[in-house]
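Here is a short briefing on a structure. Please look over the sequence and the model before reading on.

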Amino acid sequence: MQIDSERLDGGVLKIALAGRMDVQGTQEIDLKFTGYTANQQAVIVDMSAVEFLASIGIRTLLLAAKAISRRGGKVVIFNPDSNVTSVLEMAGIDTLIPICRSLDEACSAVAA
Amino acid sequence: MISTMAGDRIVICNSTDELRRMTRWLWDGAAASGIPDDIASKLDLCANEAVMNIISYAYPDAGRREITLELNETPDGVSLVIRDDGKPFNPLDVPEPKLPKSLDEALIGGLGVHFIRRMMTRSHYRRADGFNVLSFEVRRDRPAGNA
């Protein structure tokens, strides 16, 4: 998997994930993802280029979201494809980490 | 019981390094059978979750073991049969997870079997001749997972 981070206006951090978020893919980005999200208050996880999501990937997303939330921060998922969206919904994750379809919507959702 | 016909088989060992090879095999078999991508995606996820559970929990002792998968066309769709010689375990006995209402109470794990139950049209487990045999089927004529 690939992972990139980009600083947006208003202290928002956008983390873009790409590839197959299975066991191998998640292991490839897990440490960086945890590192990028550490100490952040407003995080957008861009999943538009994630082509597959397994429970191990959900684990990584949830652990980061829990940590951000405990600090009073906010995290959203941006633009997952239809397969990834249905996996997120089936796991009930969409009710815990909002899914946003536009970047503007995502930025407002994480803004303090 | 899910009926089986002569199918496509793969033998992998109990290592997460094998999951990508299994996935390629699954997509090749799905393509050869004319299985649509959305159905293949569901099989892909359920196979990864089931085999990951086997690798993680079926073998208390270290060492190389074999897991066999067989992809079969059925009258209605496609089925996958997964055999391992690990300790007896019926994943379908695992209770439905309570989906969390807040991040604080969100538990990590237990989702794999949930996906199999929800995405597959039918699933079945049996213990036979020292093997766990998990099979699931997804039909092509109606969308699965809308229960």
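Helices (H or I, at least four residues) and strands (E, at least two) are DSSP runs, numbered from the N terminus. G11(A) sits in the loop between β1 (2-7) and β2 of chain A. This is a predicted model: local features need pLDDT of at least 70, side-chain atom pairs count only at pLDDT 80 or more, and totals for chains, interfaces and linings use all residues. Residues are numbered from 1 along each chain as its sequence is written, while chains are lettered from A and ligands numbered from 1 in the order in which they are written.

**Where the chains meet**

- Two residues are in contact if their C-beta atoms, placed from the backbone, lie within 7 Å. On that basis, 19 residues of chain A are in contact with 21 residues of chain B.
- On the chain A side, α1 (23-37), α2 (55-70) and α3 (82-90) each give two or more residues. The most come from α2(A), with 8 residues.
- By class, this side of chain A has 11 nonpolar, 5 polar and 3 charged residues. Ala, Val, Leu, Ile, Met, Phe, Trp, Tyr, Cys and Pro count as nonpolar, Asp, Glu, Lys and Arg as charged, and the others, Gly among them, as polar.
- A residue is buried if 20 or more other C-beta atoms lie within 10 Å of its own, exposed if 12 or fewer, and partly exposed in between; these C-beta atoms, too, are placed from the backbone.
- Helix α3 of chain B (residues 111-119) has buried residues, including L111(B), V113(B), F115(B) and M119(B). The buried residues of α3(B) pack against α2 and α3 of chain A, and also against α2 (37-57), β4 (122-128) and β5 (131-139) of chain B.

**Helix α2 of chain A**

- The expected span of a helix is 1.5 Å times one less than its number of residues. For the 16 residues of α2(A) that gives 22 Å, and the end C-alpha atoms are 22 Å apart, so the two agree.
- Buried residues of α2(A) include I56(A), I58(A), L61(A), L62(A) and I68(A).
- Their cover includes β2 (13-21), α1, β3 (42-53) and β4 (74-78) of chain A, together with α2 and α3 of chain B.
- After α2(A) comes G72(A), with a positive phi near 85 degrees.

**Strand β4 of chain A**

- β4(A) is largely enclosed by the rest of the structure, because 5 of its 5 residues are buried.
- K74(A), V76(A) and F78(A) point one way, while V75(A) and I77(A) point the other way. In a regular strand the side chains alternate between the two faces of the sheet.
- Two strands pair if DSSP finds at least two bridges between them. β3(A) and β4(A) run parallel, joined by 5 bridges. V43(A) has V75(A) as its bridge partner.
- β4(A) also pairs in the parallel sense with β5(A) (residues 99-100), over 2 bridges. There, F78(A) has C100(A) as its bridge partner.
- A crossover is right-handed if, with the strands pointing away from the viewer, the path from the first strand over the helix to the second runs clockwise. β3(A), α2(A) and β4(A) make a right-handed β-α-β unit. β4(A), α3(A) and β5(A) make a right-handed β-α-β unit as well.

**Nonpolar core**

- A nonpolar core is a set of buried Ala, Val, Leu, Ile, Met, Phe, Trp, Tyr and Cys residues joined through C-beta atoms within 7 Å.
- Which residues touch the most other members of the largest core, with its 67 residues? They are V45(A), V75(A), V76(A), L43(B) and C46(B). The largest share of this core, 9 residues, is from α2(B).
- Beyond its neighbours within four places in sequence, V45(A) is in contact with I15(A), L17(A), L61(A), V75(A), I77(A) and F78(A).

**Individual residues**

- G11(A) counts as exposed because it has 12 C-beta neighbours inside 10 Å. Leaving aside neighbours within four places in sequence, G11(A) is in contact with Q41(A) and A42(A).
- N79(A) lies in the loop between β4 and α3 of chain A. Its phi is positive, near 55 degrees, in a residue other than glycine. N79(A) has 20 C-beta neighbours inside 10 Å, so it counts as buried.
- D129(B) lies in the loop between β4 and β5 of chain B. The phi of D129(B) is also positive, near 55 degrees. With 7 C-beta neighbours inside 10 Å, D129(B) counts as exposed.
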